[in-house]
Amino acid sequence: FATNESDLANAGKAAFHGEYFENTGDASPTEVWLAEMLDLLAGLEAGHGVTMPLSFVNWPTTDPLVHPDEPLEREDLVGVDHNHIQPTAAWPGGYYASYHAYPYYPDFQRYEAGIAGFKLDGVPDNFAGYLTKLRDHHAGMPVVITEFGVPSAMASAHYGPQGRIQGAHNERTQMQINADLLRTIKAVGLAWGFVFEWADEWFKFTWNTIDYELPPDRRSLWTNPWTNEANFGVLAMDPGASQVVVLDGDENEWTDNGSQVILESNGAVREVRALKDEGYLYLRIRTDGEDLWKDTPVVIGLDVLAGESGGLPETSGIYPESDYAVVLDGDGGRMLVRASNDPYGIQYAWLREYEVVDPADYREGSGVWNLQRLVVNRPLVIPSTGAAMPAEVVTPGEMVFGTSDVRDEDFDSRSTWSARGRVIELRLPYQAIGFSDASSLQAYRVGEDGIVSTDTVDRVGITIVAGDEVFQTAGYAWEAWQIPVWHERIKDGGEIFAEAVIAANTPPS
């Protein structure tokens with residue numbers, strides 16, 4: 001919008017001819033301004049006696065190509081063309097086209113002829129199709145993809161072709177996809193590419209979780225594994241000074257990791273411990289019988305807000321004050337939210353009419369529980385065909401059973417629970433239990449009008465139901481914090497990407 005308004009406001013602006021950079025005759029006002037800025041930068045560098053390749057950063061929504069299959073008009077509203085700027089003989093360092101290009105956005109990459117259906121070495125590759133179009137448009141000019149990649153995360157924000165979605169990858173898959181993208185960049189003849197990015201960034205936000213991370217200026221004090229944008233790194237930034245809980249069904253670390261005993265009993269659930277760090281609430285449940293979780297549903301209710309649900313799921317109405325629930329049943333696990341505080345259910349399914357729902361389900365005390373979901377695409381219409389595409393939704397509430405032990409060959413960074421014998425271990429992302437900011441003890445509340453507000457949480461109430469037994473724990477509370485603690489490591493599969501970089505930099509024999 002800014003580029004378009006600037007072009008309209010400066011219509012007729014004459015082409016720029018500087019000492020180091022100049023425009024061609026068909027340059028837009030924005031391209032004139034960019035030539036002026038490149039000339040200014042080149043002059044500053046020349047003052048130090050140096051020259052090097054220069055560029056400005058572009059991306060698909062302002063590329064110079066026409067995308068008739070792009071569903072969102074704004075994403076093909078205006079084009080900016082590197083071809084309309086060129087260096088003079090006074091700038092021997094040269095000039096190149098620079099793009100931040102990802103395989104999952106914008107949506108024209110899913111539908112456009114010549115991109116959808118494109119094959120690289122006989123294998124479908126929409127990203128290669130798009131890069132080929134850029135290469136051909138900038139024939140004779142180096143093209144560098146100065147950002148590319150996919151994130152590891154427990155949730156996603158957008159679908160992409162060939163499984164290259166915006167999140168919901170474990171770390172090894174993330175690194176494999178990044179390696180494949182780098183090979184694609186080289187295979188289609190582009191000059192080079194730079195993966196985004198070196199390190200995870202907790203402060204980053206994305207469109208389908210930003211409304212529930214409040215206050216926004218504290219986002220860097222905790223990490224949300226449902227926010228894909230925070231998890232693009234090759235270097236993982238894990239919460240805590242060290243890994244306080246390893247999901248593996250082994251409870252050895254729980255006696256000296258600072259956890260609190262919040263329940264002791266002689267029933268089916270013998271002991272419950274709780275612990276937190278900057279990313280998760282952890283629970284360890286020790287049961288009386290071996291593998292109780294395989295044969296008997298174990299339901300954990302979590303109470304963070306004032307208000308009633310109408311009863312925990314699968315329990316015939318026990319403890320209606322719970323707002324969130326975890327249901328473990330065999331090797332499956334589900335994270336649920338009472339419908340009357342369900343962000344997707346209220347804001348999208350009901351108010352935006354993405355689904356046919358009964359409004360009564362979203363009244364407090366309805367007894368209805370929903371699997372936790374995130375919208376990843378609104379309903380769209382493909383302009384070239386008129387085809388109507390429905391809303392797209394992902395379900396991060398489907399828990400991943402596995403290990404968080406980075407030394408284990410079965411390590412999965414998306415794991416949320418593990419169990420073995422009499423031990424059940426869980427790590428629950430804060431958004432999954434309603435916290436908008438764990439560091440200041442804020443929980444989000446979604447009104448019937450869809451407006452999100454926050455309440456301060458004094459203590460998380462925790463109730464466990466196993467079979468017909470109900471166990472009310474002491475709950476768990478923590479102090480607010482102002483300084484985050486973290487530790488870093490190369491992500492699982494980092495060697496896969498490193499090998500791709502080495503191979504891409506090795507001249508053919």
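Strand S9 (235-239) gives the most residues to the lining of the largest cavity, four in number, where strands are DSSP runs of E with at least two residues and helices runs of H or I with at least four, both numbered from the N terminus. The model is predicted, so local features need pLDDT of at least 70 and side-chain atom pairs count only at pLDDT 80 or more, while totals for chains, interfaces and linings use all residues. Residues are numbered from 1 along each chain as its sequence is written, and side-chain values use heavy atoms, with hydrogens and water left out.

Grid points are joined across faces, edges and corners, and a volume is the space filled by probe spheres set on the points. By this rule there are five cavities of 30 Å³ or more, and the largest cavity has a volume of about 360 Å³. Its lining is made up of 30 residues, of which Asp238, Tyr280, Ser413, Arg427 and Arg489 are the closest to its centre. Besides S9, the elements that give two or more residues to this lining are strand S12 (280-287) and strand S28 (486-490). By class, the lining of the largest cavity holds 13 nonpolar, nine polar and eight charged residues, where Ala, Val, Leu, Ile, Met, Phe, Trp, Tyr, Cys and Pro count as nonpolar, Asp, Glu, Lys and Arg as charged, and the others, Gly among them, as polar.

Turning to the open spaces, the largest pocket holds about 800 Å³. It is lined by 28 residues, with Trp59, Thr61, Arg74, Glu75 and Tyr105 nearest its centre, and the lining divides into 15 nonpolar, seven polar and six charged residues. The second largest pocket has about 200 Å³ of space, and of the 16 residues that line it, Met154, Ala168, Thr395, Pro396 and Glu398 lie nearest its centre.

How many residues does the largest nonpolar core have? This core, meaning a set of buried Ala, Val, Leu, Ile, Met, Phe, Trp, Tyr and Cys residues joined through side-chain atoms within 4.5 Å, has 69 residues, and those with the most contacts inside it are Ile300, Leu302, Leu426 and Trp478. Leaving out residues up to four places away in sequence, Trp478 is in contact (heavy atoms within 4.5 Å) with Lys276, Leu281, Tyr430, Phe435, Ala438, Leu441 and Val460. Apart from this core lies another, of 47 residues, among them Ala42, Trp91, Phe497 and Ala500.

The whole structure holds 20 aromatic pairs; rings of Phe, Tyr and Trp (its six-membered ring) pair if their centres lie within 6.5 Å, and planes under 30 degrees apart count as stacked, over 60 as edge-to-face and the rest as tilted. The rings of Trp222 and Tyr430 are edge-to-face, because their centres lie 6.3 Å apart and their planes stand at 75 degrees. Trp222 lies in the loop between strand S8 (192-195) and S9, and Tyr430 in the loop between strand S22 (423-429) and strand S23 (435-437), so the pair ties together parts that are 208 residues apart in sequence. Trp222 is buried at 2% relative accessible area, and Tyr430 is buried at 0%, where buried means under 20%, exposed over 50% and partly exposed in between, with a 1.4 Å probe and protein chains only. Ring pairs link Trp222 and Tyr430 with Phe435, Tyr476 and Trp478 into a cluster.

How values were computed:
On a 1 Å grid over the protein atoms alone, a cavity is a set of points where a 1.4 Å probe fits but cannot get out, and a pocket is an open set with protein on both sides within 12 Å along at least five of seven lines; lining residues have an atom within 4 Å of a point.
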